[in-house]
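Please open the model in your viewer and keep the selection tool at hand. The tour below moves from one selection to the next.

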Amino acid sequence: MKFNRRLLMAAAAAVMFGFTAQAQADIKFGVAAEPYPPFESKDASGTWVGWEMDLMQAVCAQMKEKCELVEVAWDGIIPALTSKQIDVIWSSMSITDERKKTIDFTNMYYNTPTVIIGAKDGDKDITPAHLVGKTIGVQVSTIHQNYVQKYFGPKSTIKTYQTQDEANQDLAAGRLDYIQADAMALDAFLKTEQGAACCELKGEVPDDPEILGVGVGGGVRKEDTALKQKLNDAIAAIAKAGDIEKITAKYPELVGKMITPKM
């Protein structure tokens, strides 16, 4: 998930995340205002749930801080941070050198592969030469948009979407040939009735750390060194205690398929 365009829906619908709602929160965690299962999505009651939300709760408890969850449009999330509408980006944002020109990051708290999915036809060739003339969908302002533009863009059609779900829907409807995104997010789609009926995993793309980054971390302002250290200490503490493994165990689809800090 990332940053390229204008600020949209700057800080929408603040939601208290299990803490007292009386005083203003000490730390505002920004999350993209869209579902990204199994890491973050809303349940039937409108509460944010998922692996990353559970991790946030554990981090805030470890820091003994009141934390508030603030919904922000994905392509406006970095401007929301730099303009101090939020204090931390906590929304599956990959750590890249390009983003580090604008913001800083905590240590990595998870990493997963990048994959391509497409129509269920048994064709698993996803080399750029094979995808010439095909239409590839990708979420706007993400590392995946940058990747497909570099490796597929010259001879393939790249179609961007505001949310991953919109891209998934177009693939299912036959308006796209392929989608590139995080392996776990697309695995969740392939396990839905719609995804299982239409599509299949094509394969993992070759890594490019310069574009795809070195894992996901919490985004913070460059000057907020004390907050960054506090978050890093909390992540390290809950990793050492085995709490990250306990959180992951609640999501069987993630077990053994992602890298998390080991202390």
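Select Cys 60 and Cys 67 to begin: the link between them is left-handed, with -110° about the S-S bond. The two are joined by a disulfide, S to S 2.1 Å, a disulfide being a pair of cysteine sulfur atoms within 2.5 Å. Both Cys 60 and Cys 67 are buried, where buried means under 20% relative accessible area with a 1.4 Å probe, protein chains only. This is a predicted model, in which local features need pLDDT of at least 70 and side-chain atom pairs count only at pLDDT 80 or more, while totals for chains, interfaces and linings use all residues. Residues are numbered from 1 along each chain as its sequence is written, and side-chain values use heavy atoms, with hydrogens and water left out.

Next, select strand β5, residues 67–72; strands are DSSP runs (E, at least two residues), numbered from the N terminus. Six of its six residues are buried. In a regular strand, side chains alternate between the two faces of the sheet. In β5, Cys 67, Leu 69 and Glu 71 lie on one side, and Glu 68, Val 70 and Val 72 on the other.

Now select Phe 29. Beyond its neighbours within four places in sequence, Phe 29 is in contact (heavy atoms within 4.5 Å) with residues including Cys 60, Cys 67 and Trp 90.

Finally, select Cys 198 and Cys 199, which form a disulfide with sulfur atoms 2.2 Å apart.

How values were computed
Buried < 20%, exposed > 50% of the residue type's maximum accessible area, 1.4 Å probe, protein only. Helix = DSSP H or I, 4+ residues; strand = E, 2+ residues; numbered from the N terminus.
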